[in-house]
Amino acid sequence: MTLHQESNRYTMTSGDHLVTVRNRKRMDMTSVKEIERFDQEEFYIRTAQGHLLIRGEELRIVHLDVDKGLLTLEGNVKLVQYDDEENGLSKGFLHKLFG
């Protein structure tokens with residue numbers, strides 16, 4: 001990862017994606033493109049490295065910076081799963097069902 005400083009601002013090289021999980025209670029993410037859906041038990045996020053599914057309990061957004069692509073979540077994290085498919089996890093379900 002390379003950080004560039006531009007007038008008191010730090011930016012990451014485009015495409016760098018980091019996920020940090022602290023004690024399964026807090027997650028920090030970079031290169032977040034879009035939060036497609038979320039509730040207290042599930043977040044479905046489009047990142048620079050594909051779709052990311054996060055499941056848990058009492059999940060909530062603590063910090064979101066749309067311009068920088070930064071997201072911080074808190075709650076009890078139980079699952080973190082990436083999906084490389086362009087259409088996301090829902091296509092995987094239909095593909096399993098109908099082949």
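A residue is called buried under 20% relative accessible area, exposed over 50%, and partly exposed in between. Keep those cut-offs in mind while reading this predicted model.

**R60**

Start with R60. This residue is found in strand β7, which covers residues 50-65. Its relative accessibility is 47%, so R60 counts as partly exposed. Which residues does R60 touch, leaving aside those up to four places away in sequence? They are F43, T72, L73 and E74. With E74 there is also a polar contact: the two side chains meet at 2.7 Å. D39 is 21 residues from R60 in sequence, and their C-alpha atoms are 7.6 Å apart in space.

**T30**

Now turn to a loop. T30 sits between β4 (26-29) and β5 (32-38). Is T30 buried or exposed? At 10% relative accessibility, T30 is under the 20% cut-off, so it counts as buried. A polar atom of the T30 side chain lies 2.8 Å from the backbone nitrogen of L18.

Y82 belongs to strand β8. Y82 has 37% relative accessibility, so it counts as partly exposed.

**Accessibility side by side**

| Residue | Relative accessibility | Class |
|---|---|---|
| R60 | 47% | partly exposed |
| Y82 | 37% | partly exposed |
| T30 | 10% | buried |

Key. Residues are numbered from 1 along each chain as its sequence is written. This is a predicted model: local features need pLDDT of at least 70, side-chain atom pairs count only at pLDDT 80 or more; totals for chains, interfaces and linings use all residues. Side-chain values use heavy atoms; hydrogens and water are left out. Helices (H or I, at least four residues) and strands (E, at least two) are DSSP runs, numbered from the N terminus. Buried means under 20% relative accessible area, exposed over 50%, partly exposed in between (1.4 Å probe, protein chains only). Contact means heavy atoms within 4.5 Å. A polar contact is a pair of N or O atoms within 3.5 Å; within protein, one must be able to donate a hydrogen and the other to accept it, and residues adjacent in sequence count only if both atoms are side-chain atoms.
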